[in-house]
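The tour below goes from one selection to the next.

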Amino acid sequence: MISILNLFQKLIIITSLLIFCLCENQNKIIDYDNHHNTDEMLAALDYVHATCPDITYLYDLPLRTDEDRPLRVIVFSDHPKHHEILEPEFKYVANMHGNEVVGRELLLKLAEYLCQEYNNGNKEIKKLIENTRIHLLPSMNPDGWEHAVQNTWNNTIPGKYGNVSTMMREYGATDWLVGRSNANDVDLNRNFPNLDEFIYEYNHLANHKNNHLDIETFQALISGKDCHNKPYQVETIIVAFWIMRNPFVLSANLHNGDLVANYPYDDSEYHTQMYSKTPDDTLFRQLAESYSYTHLSMRSQKKPCSTDVFENGITNGAAWYPVCGGMQDFNYLASNCYELTLELGCKKFPPGKELTSLWNHNQGSLVNLIWQTHLGIKGLIQNEDGKMIFNATIKVYQAEGDNWKYIDHDVTSNIGGDYYRLLVDGSYAVEVSHPGFKPQTQYIDVNYKSQQTDAQRLDFILESVSSKRSNLRKILRNLFNKY
């Protein structure tokens, strides 16, 4: 009976949205002149899915927040329910700081835009959706969002605004801290396992692990406390496992407070403010510029928020200020995923009436970054019998003059044997290895073309060590029989 009632309530919400949208604007799914509370956000995602059922899929991450709110994701793809071999996966995560809300609204608008443009026959968007699996998580911290709004309403002069919705449209929220953390007052972007401490230690060793620090992740989680001595939160844990279990290739985490595209590392070896580059520093700079250069104002040399000037609209995280336990470094060190942190404006919770302008500034950048999922190379790794090889290691060496420079960050193949390696243009030697097989090296020149739907294909067929020995025995036997 309860489930039937819940279904009926959802149908009422969706029907009401439909009627409203048809009356207001036949091409408009979501009211975008104001913020959406959690119920409205979920209803908007439901409506997008109902409008584009063939290319979208909704799912909730396994656990709910302390205040019983879901972390809901909408997926876009021509086969949205599952990973397709050789189709890379991308994600946007927003609102992990509950009072930084622009990303939350931009992802709702992006969901509307992708659905709408696909149905309108936009060739670029159709090509993007048919060749990329796109995950949008509009709010990682819905509890914090609700706290930020309630605090602003509680401190508003009685009678100044007729209701909370009007207050959000006309005023937004200005408290810099309330709602930033989750319901337990923990900053989620300081609450991930600190894998930087492991990688900086490993870097002093000649042969060291440089990716998929899963044992280190479990070790940190079992300890119970993050690097700020705060307990690991349910939001952090479920997002961490989401990152580790899915074949994401590229990602961005959307924030507010400044206007800049931030790239790893977010922390330095001794937690000091200094440029702390990853082995993929050139790639990360290019990814960050792919956003800042297509944004209407991010690359401006003026001080966007009366504080810092960022050359080309980008910054290394630790060079700006060090962050221990951040999500973008966790992505890079715990999975195959490369993540940026995008600061989308000076106001954390601007008035709703400013959201249309913010969408116009970010629309092209949001789409362009998804296209970067197709940089570099991809392929299949299999044995001589055509069986796909899971967890093969892909090492990459870049040509520099007459030498080959090892990029000290490997990726691995997925369960289906497919792999993806983001690379800037250049000449590379790619070595694939797996226990029980003979390593194999191939060479390739990478040349990215704007909005290409496929990274350059480079497949590998590995010869097993047992098969190599068997072939040797056959050769020796033939020689013995011959003579």
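Select Cys227 and Cys324 to begin: in this predicted model they form a disulfide, with their sulfur atoms 2.2 Å apart. Cys227 lies in the loop between α8 (214–223) and α9 (234–245), and Cys324 in the loop between α11 (317–320) and α12 (327–334), so the pair ties together parts that are 97 residues apart in sequence. Colour by accessibility here. Cys227 is partly exposed, with a relative accessible area of 34%, whereas Cys324 counts as buried at 11%.

How many disulfides does a search of the whole structure find? There are three. Counting bonded cysteines along the chain, their pattern is 1-2, 3-5, 4-6.

Next, select Cys305 and Cys346. Their sulfur atoms are 2.0 Å apart, and the two residues form a disulfide. The torsion about this S-S bond is about -85°, so the disulfide of Cys305 and Cys346 is left-handed. Cys305 is in the loop between α10 (281–292) and β7, while Cys346 is in the loop between β8 and α13; the two are 41 residues apart. With a relative accessibility of 15%, Cys305 counts as buried; Cys346, at 31%, is partly exposed.

Move to Cys52 and Cys115, which also form a disulfide, their sulfur atoms 2.0 Å apart. Is this one left-handed or right-handed? The torsion about the S-S bond of Cys52 and Cys115 is about 85°, so the disulfide is right-handed. The bond links distant parts of the chain, 63 residues apart: Cys52 sits in the loop between α2 (38–51) and β1, and Cys115 in helix α3. Both Cys52 and Cys115 are buried.

Cys337 is worth a separate click: this residue is buried, with a relative accessible area of 1%.

Switch to a cartoon view for the sheet. Eight strands form an open sheet with mixed pairing, in the order β1-β2-β4-β3-β5-β8-β6-β7. Select β1 (56–60) and β7 (314–316) to see the edge strands, each of which pairs on one side only. Neighbouring strands are turned by 20° against each other on average, direction ignored.

Aromatic rings come next. The structure holds 20 aromatic pairs. Select Trp145 and Phe349: their ring centres are 5.9 Å apart and their planes are at 40°, so the pair is tilted. Trp145 belongs to helix α5 (residues 142–154) and Phe349 to the loop between β8 and α13 (355–371), so the contact ties together parts that are 204 residues apart in sequence. Both residues are buried: Trp145 has a relative accessible area of 0%, and Phe349 one of 2%.

Then select Tyr200, Tyr265, Phe284, Tyr332 and Tyr338, which ring pairs link into a cluster.

The last two stops pair a charge with a ring. The charged end of Lys126 sits over the ring of Tyr118, 4.1 Å from its centre. Over the ring of Tyr293 sits the charged end of Arg299, 3.7 Å from the ring centre.

Technical notes: Residues numbered from 1 in each chain as written. Predicted model: local features only at pLDDT ≥ 70, side-chain atom pairs only at ≥ 80, totals over all residues. Heavy atoms only, no water. Pairing = 2+ DSSP bridges. Helix = DSSP H or I, 4+ residues; strand = E, 2+ residues; numbered from the N terminus. Axes fitted to C-alpha atoms, helices over the stretch in contact; angles between N-to-C directions. Phe/Tyr/Trp six-rings, centres within 6.5 Å; stacked < 30°, edge-to-face > 60°. Buried < 20%, exposed > 50% of the residue type's maximum accessible area, 1.4 Å probe, protein only. Lys NZ or Arg CZ within 6 Å of the ring centre and 35° of its normal. Disulfide = S-S within 2.5 Å.
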